Amino acid sequence: MTVTPAQLRALASRADALAAEVRELCLSAPAGTPEHDHLGAAWQARERLSAGAEDLRRAAGDLAALQARPCGMPWGVCPEHGNTLSTRAGISTCRVCRREWRHDRFGRPCEEPVTWKVIDRAGAETRMCDGHVLGARAAAAGATFVRLEQADAHP
Ligand SMILES: [Zn+2]
Ligand SMILES: [Zn+2]
């Protein structure tokens, strides 16, 4: 099973909700009553739940950063059109959208974020970006393409 940042964020929200419930319950004890004076441990629990929610959100961010690692295929592509780059005089241009990169993008390893997992017929797994998956779809008959969860930009 793959852990996703979204799962961690969902747990963080539940911890937040629990912390809020504990707070509400504690506040409902009238001041000056014996209950009110014996809720110290509950208040501490509320703080730990809030801290736990923070930690879970941090873990979600770490995981998202890991999953956003670069594609790393040995040649560059247009992120939208794939293997459509022409390079002349050190400038790479997409033949479809005419987007330009002022370096030999085709000659460098791909730095686009990994967004797909491709499993070929033999079961070998490769992770790659949107642009590279276009070429792989054309070339790899019988392969399985799995879209990876987008790293949420709002932690
Ligand atoms: Zn393009
Ligand atoms: Zn790529």
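**Close-up views of a predicted model**

**View 1. Pairing of strands E1 and E2.** Ile 91, in E2, is the bridge partner of Arg 88. The model shown in this and the following views is predicted. Strand E2 covers residues 91-94, and its pairing with E1 is antiparallel and extends over four bridges.

**View 2. The open three-stranded sheet.** The strands follow the order E1-E2-E3, and their pairing is antiparallel. Strand E1 (85-88) and strand E3 (100-101) form the edges, each of them pairing on one side only.

**View 3. Helix H1 and its packing against helix H3.** Helix H1 comprises the 23 residues 5-27. Pro 5, Arg 9, Ala 12 and Val 22 are the buried residues shown in H1. The packing partner of the buried residues of H1 is helix H3, which runs over residues 40-67.

**View 4. Domain 1 and domain 2.** The domain assignment places residues 5-67 in domain 1 and residues 85-147 in domain 2. The centres of the two domains, taken over C-alpha atoms, are separated by 43 Å.

**View 5. Residues 151-155 and the confidence of the prediction.** Over the protein, the mean pLDDT is 90, and 95% of the residues reach 70 or more. Over residues 151-155, by contrast, pLDDT stays under 50. For this segment the model has nine contacts beyond four places in sequence.

Definitions and conventions. Residues are numbered from 1 along each chain as its sequence is written. Chains are lettered from A and ligands numbered from 1 in the order in which they are written. This is a predicted model: local features need pLDDT of at least 70, side-chain atom pairs count only at pLDDT 80 or more; totals for chains, interfaces and linings use all residues. Helices (H or I, at least four residues) and strands (E, at least two) are DSSP runs, numbered from the N terminus. The expected span of a helix is 1.5 Å times one less than its number of residues. A residue is buried if 20 or more other C-beta atoms lie within 10 Å of its own, exposed if 12 or fewer, and partly exposed in between; C-beta atoms are placed from the backbone. Two residues are in contact if their C-beta atoms, placed from the backbone, lie within 7 Å. pLDDT is the predictor's confidence in each residue, from 0 to 100. Domain bounds come from an automatic or database domain assignment. Two strands pair if DSSP finds at least two bridges between them.
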